[in-house]
Amino acid sequence: MATTTLSTLILRSPSYPTHSSARPSLQFPLSAPNLFHRATPRRHIVAAVAAPEKISKLGDEISSLTLEEAKSLVDFLQDKLGVSAAAFAPAAVAASPAAADAAPAVVEEKTEFDVVIEEVPSNARIAVIKAVRALTNLALKEAKELIEGLPKKFKEGVSKDEADDAKKQLEEAGAKIAIV
């Protein structure tokens, strides 16, 4: 009988779990920090160029605008100043009258060309495939795939002479060629 009392005491001690009908539940403290949001440290952004106080204040006000307010600001400035957003594009800046007065426009001559096969008539397919194989190191299957699903670039970034030579040979075979 002593063993029965001892086992009952061990089973009901606080360090040993009991099989009672009440289920234990986990309780989290109410003052715990918010575990669902990651804390992001505030960073002080340092500008690469020192701006006067007036400009930095204006920049801070503009950066706090909503998208709709920013769009209204852009529309207002375009009307007031008589400009459009396209006027700020790099191509427009290069073509502006001030830039034209400073230095005459230099037109660079194109040095690299692409040869594009635009069309191959069905009666000239074999001759064009032979010409493609002669101009490249393509196998028969690759040359055939090249002339299907046109237009396709045949050669890219080649010199003017090489592009003209390829155009001449392919046109003699019956293909319609463009040099871009």
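Val-83 counts as partly exposed, at 32% relative accessibility, where partly exposed denotes the range between buried (under 20% relative accessible area) and exposed (over 50%), with a 1.4 Å probe and protein chains only. The structure is a predicted model, in which local features need pLDDT of at least 70 and side-chain atom pairs count only at pLDDT 80 or more, whereas totals for chains, interfaces and linings use all residues. Residues are numbered from 1 along each chain as its sequence is written, and side-chain values use heavy atoms, with hydrogens and water left out. Val-83 is found in the loop between helix H3 (67-81) and helix H4 (90-94); helices (H or I, at least four residues) and strands (E, at least two) are DSSP runs, numbered from the N terminus.

Lys-155, in strand S2 (residues 152-158), is by contrast buried, with a relative accessible area of 14%. Its side chain makes a polar contact with the side chain of Glu-162 at 3.1 Å, a polar contact being a pair of N or O atoms within 3.5 Å, of which, within protein, one must be able to donate a hydrogen and the other to accept it, while residues adjacent in sequence count only if both atoms are side-chain atoms. Beyond neighbours within four places in sequence, Lys-155 is in contact (heavy atoms within 4.5 Å) with Phe-113, Asp-114, Val-115, Leu-135, Thr-136 and Glu-162.

Leu-170, when residues up to four places away in sequence are not counted, touches Ile-117, Val-128, Ala-131, Val-132, Leu-135, Phe-154, Ala-175 and Ile-177.
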